Amino acid sequence: ERVLRAEEPGAAKALWTDLVAGRYGRAVAGAAVEHLRRYGDRAAGDLKLEQPTPRQRPWMLLDMVRPLVSQGRTVAASRAEERRVRQETEQALRLACRGRTRRLVLRGLASALRWCVKAREDTRFCRTELYGLSRRVFYRLGAELAEGGHIDSADDVIDLTAHEVLGAFEGTLPGSDLRGLVASRRADREHYATLPEPSARQVTTADTALSAPRPLATTNASGDDSEVLHGLASCGGVVRARAKVVLRPSVPPEECRDRILIARETDPGWLFLMTVAKGLVVERGTLLSHTAITGRLLGVPTVVAVRDAISRIPDGAWVELDGSAGTVRVLDGAGP
């Protein structure tokens, strides 16, 4: 319960300190430390140097698990749900496919597909771990540069290239004004953050290759009906809830609880936001994209490749999501 109340500034950090010190039991402390050791590099935006991870700020884990605790979710319940879904799917397969040989072939293909998806996700996690090691190295080098007065803080390394950081130690860096370079790069980065997102798809032809690219028309536009958006149906089910528009995955997971998550796209770092959402809608993706696969794993209605979802679905609006039809309907404030 204290985890759920730890929302005031500094409370999560103090709670984490008490937790790993064994105040709530050695078993809990050991589990928390072990989880941090194995998965501390996994976080929202974990492939971006500027995004902190639990390895750097362990108390972030409390914000991640808070919505799951408030919903009463447990590992045992999740495994039971997985068994139930599998049994229902097996029953549906027996009814739809009477031939025993065909069922064996389908089961074999499904097993191979599961293995391939697992291999892909394991590879992604290894990539996250490798990048986490690189992050720790560069932040340590940044701390050394800050201590030497070359930059203001260790965080300034996010505006330097690897060659520039290493060159500062190897003596191969032309010039020595790293602080001025950081300031210039930071100003450019903050300016770019204010620019609109580019079109998800662009195309040029032979006679216009040197001209500005133009957006590629997609088939998921909603036509004349401005209240209904269309995309690729990725996980069946109908749900009605308020929309939560998320541009960056650094928002607290609690803000996405029982909402329909609206985003441009997702990656494994978004998982703690996705597990507490009632539905998923993204502007980009295919039936084999991260959002689509995760939606099916979680069993929540999901639609991907919804054009202009970010700009057309207001944050907080009531939305009806049909994961089977691939439609998203804005309900003009109507409740459930």
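Asp156 is placed in the loop between helices H6 and H7 of this predicted model. With a relative accessible area of 6%, Asp156 is buried, because a residue counts as buried when that area is under 20%. Which residues does Asp156 touch, once its neighbours within four places in sequence are left aside? The contacts are with Ile151, Val182 and Arg186. Val182 is 26 residues away from Asp156 along the chain, and the C-alpha atoms of the two are separated by 6.5 Å.

Helix H6 covers residues 100–147, and helix H7 covers residues 162–170. Their axes are 11 Å apart and pack at an angle of about 50°. The crossing in which H6 passes H7 is left-handed. On the side of H6, the contact is made by Phe138, Leu141, Glu144 and Leu145. On the side of H7, Ala162, Val165, Leu166, Ala168 and Phe169 take part. Sorted by class, the residues of this contact comprise eight nonpolar, no polar and one charged.

Helix H7 also contains Glu164. Is Glu164 buried or exposed? Its relative accessibility is 11%, so Glu164 counts as buried. When neighbours within four places in sequence are set aside, Glu164 is in contact with Leu173, Leu181 and Arg185.

How many aromatic pairs are counted in the model? The count comes to one. The pair is formed by Tyr39 and Phe125, whose ring centres are 5.7 Å apart and whose planes make an angle of 50°. The pair counts as tilted, because planes under 30 degrees apart would be stacked and those over 60 would be edge-to-face. Why can this pair be said to tie together separate parts of the chain? Tyr39 belongs to helix H3, residues 26–39, and Phe125 belongs to helix H6, so the pair joins parts that are 86 residues apart in sequence. Tyr39 has a relative accessibility of 33% and therefore counts as partly exposed.

Helix H3 has a contact with another helix as well. Helix H2 covers residues 11–20, and the axes of H2 and H3 come within 8 Å and cross at roughly 115°. The two helices are therefore roughly perpendicular to each other. From H2, the contact is made by Trp16, Leu19 and Val20. From H3, the residues are Val28, Ala29, Ala32, Val33 and Leu36. By class, this contact has eight nonpolar residues, with no polar and no charged ones.

The loops between strands and helices also deserve attention. The loop between strands E5 and E6 holds Pro252, which counts as partly exposed at 37% relative accessibility. The C-alpha atom of Pro252 is separated by 7.4 Å from that of Met64, although the two residues are 188 apart along the chain. The loop between E5, residues 238–245, and E6, residues 260–263, also holds Asp258. Asp258 is partly exposed, with a relative accessible area of 39%.

Most residues other than glycine have a negative phi. Asp258 is not a glycine, yet its phi is positive, at about 60°. Where does Asp308 lie? Asp308 lies in the loop between strand E8, residues 302–304, and helix H11, residues 309–312. Asp308 also has a positive phi of about 60° although it is not a glycine. At 36% relative accessibility, Asp308 counts as partly exposed.

These details can now be set within the chain as a whole. The protein chain has 11 helices and 10 strands. Of its 336 residues, 34% are buried. Asp156 and Glu164 are among the residues that count as buried. Among the contacts between residues at least 6 apart in sequence, 53% join residues at least 24 apart.

How values were computed. Residues numbered from 1 in each chain as written. Predicted model: local features only at pLDDT ≥ 70, side-chain atom pairs only at ≥ 80, totals over all residues. Heavy atoms only, no water. Phe/Tyr/Trp six-rings, centres within 6.5 Å; stacked < 30°, edge-to-face > 60°. Helix = DSSP H or I, 4+ residues; strand = E, 2+ residues; numbered from the N terminus. Buried < 20%, exposed > 50% of the residue type's maximum accessible area, 1.4 Å probe, protein only. Axes fitted to C-alpha atoms, helices over the stretch in contact; angles between N-to-C directions. Left-handed = near helix turned anticlockwise from the far one by under 90°. Contact = heavy atoms within 4.5 Å. Nonpolar A, V, L, I, M, F, W, Y, C, P; charged D, E, K, R; others polar. Parallel < 35°, antiparallel > 145°, perpendicular 65-115°, else oblique.
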